[in-house]
Amino acid sequence: MEAGVPLSFVDFPEDVQLCILSFLLPTELAAFAATCKSFVALYRNDQRLWFSMCHRRWGSKTLINRWGDGRISYRRLYRILEEHENLIGFWRRSGNNHTSSPPLVCFEWAQFSITGSRISPSKNHGYAVIKKPFLWMSVSSDGEAVNYIDPDGRFTPMEDGLLTESELAENELTRVNVSFIGESHFVVEESYGFSGFTRVSSGMRGEDNEDIYGSPPAEIYQYFANRTSPSGNGSSRRQRKKEKLKQMRKMEPEHFVKIVNCSPTTSRPLQGLWKGVGDEGTLDLYLVSYDDVGGLACRKVGNSNTPLAYHAPMFWTSSSMIMKFPFSSEENKIYSSRLHLSPPWASEDENEMHVSGVVRINSSYDLVIPGLVGNAVNLNQFEGRIWLYEDGTFGFGFLRDGFIVDLKHVAKDGQIMDAIEPDDQ
């Protein structure tokens with residue numbers, strides 16, 4: 001039997017070619033394009049190919065053909081969405097902003113934008129959290145970043161396209177720039193006519209080198225002022241311009257730091273953001289993080305802008321080793337003798353948890369009280385337990401107390417759980 005003639009890639013139907021190439025990353029596609037002149041044009045200009053690549057990567061999360069009113073180059077859109085994708089997840093405001101808004105924010109994909117929402121615990125709504133959108137990021141038809149912020153949180157976004165300048169003014173929205181400093185820090189500041197999305201990186205591409213990133217410290221401004229204006233006249237003009245700009249400014253820059261590892265994994269089942277009703281009957285948000293040597297600590301996210309490292313942990317342990325079922329009679333007694341804290345209207349079924357593992361913990365007191373070890377103090381008063389449940393959640397409590405704080409996920413599969421609007425509060 002005569003062997004068939006082998007087919008080359010160009011012999012495949014065009015739709016099959018596009019489907020195969022859509023699995024490649026841009027760097028891989030560039031290497032492929034270098035193999036044949038006809039593929040160079042495909043790499044540079046083919047809208048169908050780049051749409052397929054965008055749709056394969058983000059099509060289940062956002063409407064690709066709605067970005068830029070459907071008139072933007074999909075090759076450029078791929079690059080924009082790749083940069084924006086790093087925003088997805090949880091961030092925490094840092095710095096000395098004198099604002100009463102919650103410090104925890106979450107970014108999610110929307111129809112033709114990325115939406116940032118402030119997240120805070122609800123009052124008298126059980127495990128529900130308040131989700132208050134405040135920042136929208138998209139692109140115009142010519143590929144320019146379009147970002148606007150709602151300082152008061154009263155705006156409801158449209159679904160038919162980007163807002164015009166008059167609509168922005170009517171809804172009291174402010175155009176802003178979003179400047180990335182590395183991968184885990186960005187700044188939101190009011191826009192005064194330059195590009196709305198910038199990035200600080202040691203590996204900047206050539207076309208990005210002229211962009212202005214972030215807000216350099218005053219010492220840098222002074223340094224260049226001294227170099228260009230020895231007599232001081234230029235410096236005084238710049239100072240007057242700076243004061244005038246400050247009077248025009250509606251908002252102060254806000255800095256945000258990324259909360260990495262905000263979801264549990266198989267090897268770190270307690271990791272991430274959690275919510276639970278404490279002994280005062282109010283809902284609190286908690287962040288559990290592991291260290292590099294097997295320990296873990298839990299801190300309240302709270303409403304403070306100070307770094308989490310300055311907050312004493314709710315509990316901690318130097319060893320996160322999990323004791324598996326079956327448990328000793330003593331461990332069973334410790335668990336069964338405690339009440340589960342829950343909202344008043346919670347059903348008994350919600351409080352029936354099946355424990356799959358136990359971790360020994362300590363409260364924060366033996367961290368912040370110097371010289372506790374060696375004193376005539378019962379150290380059992382500072383010992384506690386984490387009880388891992390079969391549904392992937394957990395609770396914690398201390399031997400000195402008679403209750404367990406059960407924690408639930410703040411978000412799951414990229415979606416905020418039990419979210420309510422501010423008006424429902």
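**Helix packing, strand pairing and local backbone features**

Helix H1 (residues 14-21) packs against H4 at an angle of about 45°, and the two axes lie 9 Å apart. The model is a predicted one, in which local features need pLDDT of at least 70 and side-chain atom pairs count only at pLDDT 80 or more, whereas totals for chains, interfaces and linings use all residues. Residues are numbered from 1 along each chain as its sequence is written, and side-chain values use heavy atoms, with hydrogens and water left out. Helices (H or I, at least four residues) and strands (E, at least two) are DSSP runs numbered from the N terminus. Axes are lines fitted to C-alpha atoms, for helices over the stretch in contact, and angles run from 0 to 180 degrees between N-to-C directions.

H1 and H4 are therefore oblique to each other; angles under 35 degrees count as roughly parallel, over 145 as roughly antiparallel, 65 to 115 as roughly perpendicular and the rest as oblique. The crossing of H1 with H4 is right-handed. A crossing is called left-handed if the near helix is turned anticlockwise from the far one by less than a right angle, and right-handed if clockwise. On the H1 side the contact (heavy atoms within 4.5 Å) involves Glu14, Leu18, Cys19 and Leu21, which meet Arg48, Leu49, Met53 and Arg56 in H4. By class, the residues of the contact of H1 with H4 comprise 5 nonpolar, no polar and 3 charged. Ala, Val, Leu, Ile, Met, Phe, Trp, Tyr, Cys and Pro count as nonpolar, Asp, Glu, Lys and Arg as charged, and the others, Gly among them, as polar.

Helix H4 (residues 47-58) also packs with helix H5 (residues 74-84), at an angle of about 25° and with the axes 8 Å apart. That angle makes H4 roughly parallel to H5. Here the crossing is left-handed. From H4, the residues Gln47, Trp50, Phe51, Met53, Cys54, Arg57 and Trp58 meet Tyr74, Arg75, Leu77, Tyr78, Leu81 and Glu82 of H5. The residues of this H4 contact with H5 fall into 9 nonpolar, 1 polar and 3 charged. Met53 of H4 is listed in the contact with H1 and in the contact with H5.

The loop between H4 and H5 holds Asp69. Phi of Asp69 is near 55°, a positive value in a residue other than glycine. Asp69 is partly exposed, with a relative accessible area of 43%; buried means under 20% relative accessible area, exposed over 50%, and partly exposed in between (1.4 Å probe, protein chains only). Asp418, in the loop between strand E21 (415-416) and strand E22 (419-420), likewise has a positive phi near 55°. The relative accessible area of Asp418 is 44%, and Asp418 is therefore partly exposed. A further backbone feature is the cis peptide bond joining Phe325 and Pro326, with omega about 5°. Pro326 lies in the loop between strand E14 (323-324) and helix H9 (329-336). Most residues other than glycine have a negative phi, and most peptide bonds are trans.

Among the strands, E3 (residues 114-121) is mostly covered, with 7 of its 8 residues buried. Strand E2 (residues 104-109) pairs with E3 in the antiparallel sense over 5 bridges; two strands pair if DSSP finds at least two bridges between them. A hairpin of 4 residues joins E2 to E3, and Trp109 has Ile114 in E3 as its bridge partner. E3 also pairs with strand E4 (residues 129-139), again in the antiparallel sense, over 8 bridges. In that pairing Pro121 stands opposite Val129 of E4.

Thr115 is a residue of E3. At 13% relative accessibility, Thr115 counts as buried. With neighbours within four places in sequence left aside, Thr115 is in contact with Cys106, Phe107, Glu108, Ala110, Pro133, Leu135 and Trp136.

Strand E9 (residues 254-258) pairs with strand E1 (residues 89-94) in the antiparallel sense over 4 bridges, and Ser94 stands opposite His255 of E9. Strand E7 (residues 185-190) also pairs with E9 in the antiparallel sense over 4 bridges. Phe186 stands opposite Phe256 in E9.

Over the whole chain there are 11 helices and 22 strands. Of the 425 residues in the chain, 41% are buried. Among contacts in the chain with a separation of 6 or more, 56% are between residues 24 or more positions apart.
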